[in-house]
Amino acid sequence: MKTRITELFGIEHPIIQGGMHYVGLAELAAAVSNAGGLGIITGLTQKTPELLAKEIARCREMTDKPFGVNLTFLPTVSSPDYPGYIQAIIDGGVKAVETAGNNPQKWMPLLKEHGIKVIHKCTSVRHALKAEAIGCDAVSVDGFECGGHPGEDDVPNFILLPRAAEELKIPFVASGGMADGRSLVAALALGAEGMNMGTRFIATQEAPVHEKVKQAIVAASELDTRLVMRPLRNTERVLNNAAVERLLEKEKTLGANLKFEDIIEEVAGVYPRIMQSGDMDAGAWSCGMVAGLIHDVPTCKQLIDGIMAQAEQLITQRLAGFQRG
Ligand SMILES: Cc1cc2nc3c(=O)[nH]c(=O)nc-3n(C[C@H](O)[C@H](O)[C@H](O)COP(=O)(O)O)c2cc1C
């Protein structure tokens with residue numbers, strides 16, 4: 001399939017694997033890219049720019065296809081060494097960066113100078129327009145369904161995607177709730193030129209996470225996620241577990257007085273314990289409502305080939321069949 005997204009990133013299929021903390025390591029990024037999509041290494045999971053450089057080199061050993069790096073710009077006081085991370089990306093010859101969080105304006109000239117394509121993750125039309133205005137090449141539009149941070153507007157993709165299509169000139173991918181060929185065809189119909197998946201890619205053979213994480217996603221239904229940290233205006237969609245229930249109880253009790261320090265035990269530093277050790281109640285971890293559509297743990301190639309075959313079947317048979325009447 002050829003869209004402005006496949007052309008932009010030099011990939012075969014319009015499918016991107018979104019950056020995921022402690023999931024987006026070289027193994028997964030390479031597997032997605034080898035299957036014809038765009039794999040993404042999560043920059044900040046690597047503690048230093050030197051470690052990111054090593055991860056990029058490791059990914060290069062596993063694929064000769066294009067892959068990208070996610071840079072999440074956190075609103076923290078002690079900012080990570082972003083210039084160092086960007087240098088590692090440039091030196092590693094990576095040509096695609098997925099930015100998220102704060103707007104990447106400050107870093108655009110440097111990225112552009114090195115021919116790096118930037119896709120910014122947005123949860124609203126106004127942020128997408130801002131990304132377009134500052135020179136991003138594409139945006140990833142994350143609806144309310146998404147795993148991770150859906151923003152504070154709560155607009156689901158059935159509205160958000162066509163609204164983005166009404167306003168944007170640059171191409172965009174649909175993100176949040178995407179799982180299969182049906183998602184891809186719907187996303188294309190709503191104006192997107194591809195799709196980005198997070199949760200679906202965790203439940204794959206190559207995702208370098210504990211088996212219990214994959215099984216938790218397969219076992220979960222669309223009713224099993226919760227929104228946490230809304231009182232802090234840092235809303236995150238996570239899979240429900242004992243720690244999340246505790247966290248929500250604190251939110252209820254403390255109301256508007258809730259501070260980050262109150263919930264630190266449930267949210268800080270929990271990713272390695274969950275993703276690597278399989279300690280499933282260690283804290284809150286991002287997961288999308290799309291878990292309800294995930295019933296297996298295929299290889300990335302099986303997943304992507306299946307998506308493309310289903311999409312083609314839907315377009316040429318089901319949809320064309322309606323037209324023939
Ligand atoms: C476990 C997990 C960790 C994530 N970590 C990040 C991250 O570090 N940076 C980021 O920009 N997005 C992160 N995301 C969001 C994904 O890149 C993607 O936008 C989102 O998962 C799409 O929604 P879906 O899960 O319904 O496919 C994460 C998502 C998950 C499920």
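The ligand has 29 residues around it, and the closest are Gly 18, Ala 100, Gly 147, Gly 198 and Gly 288. Keep in mind that this is a predicted model. Strand 3, residues 67–73, strand 8, residues 195–197, and helix 9, residues 199–202, are the elements that contribute two or more residues to that shell. By class, the shell has 16 polar, nine nonpolar and four charged residues.

Now the domains. The assignment for the protein chain gives domain 1 as 4–208 and domain 2 as 211–289.

Taken over C-alpha atoms, the centres of domain 1 and domain 2 are 23 Å apart. In the contact between the two, 18 residues of domain 1 meet 16 residues of domain 2. On the domain 1 side, that contact is made up of nine polar, seven nonpolar and two charged residues.

Last, the helix pair. Helix 6 covers residues 125–133 and helix 7 covers residues 157–167; their axes come within 10 Å and cross at roughly 35 degrees. The crossing of helix 6 with helix 7 is right-handed. From helix 6, the residues in the contact are Val 125, Ala 128 and Leu 129, and they meet Arg 163, Ala 164 and Glu 167 of helix 7. Sorted by class, this contact has four nonpolar and two charged residues, with no polar ones.

Methods
Residues numbered from 1 in each chain as written. Predicted model: local features only at pLDDT ≥ 70, side-chain atom pairs only at ≥ 80, totals over all residues. Axes fitted to C-alpha atoms, helices over the stretch in contact; angles between N-to-C directions. Helix = DSSP H or I, 4+ residues; strand = E, 2+ residues; numbered from the N terminus. Left-handed = near helix turned anticlockwise from the far one by under 90°. Contact = placed C-beta atoms within 7 Å. Nonpolar A, V, L, I, M, F, W, Y, C, P; charged D, E, K, R; others polar. Near = placed C-beta within 6 Å. Domains from an automatic or database assignment.
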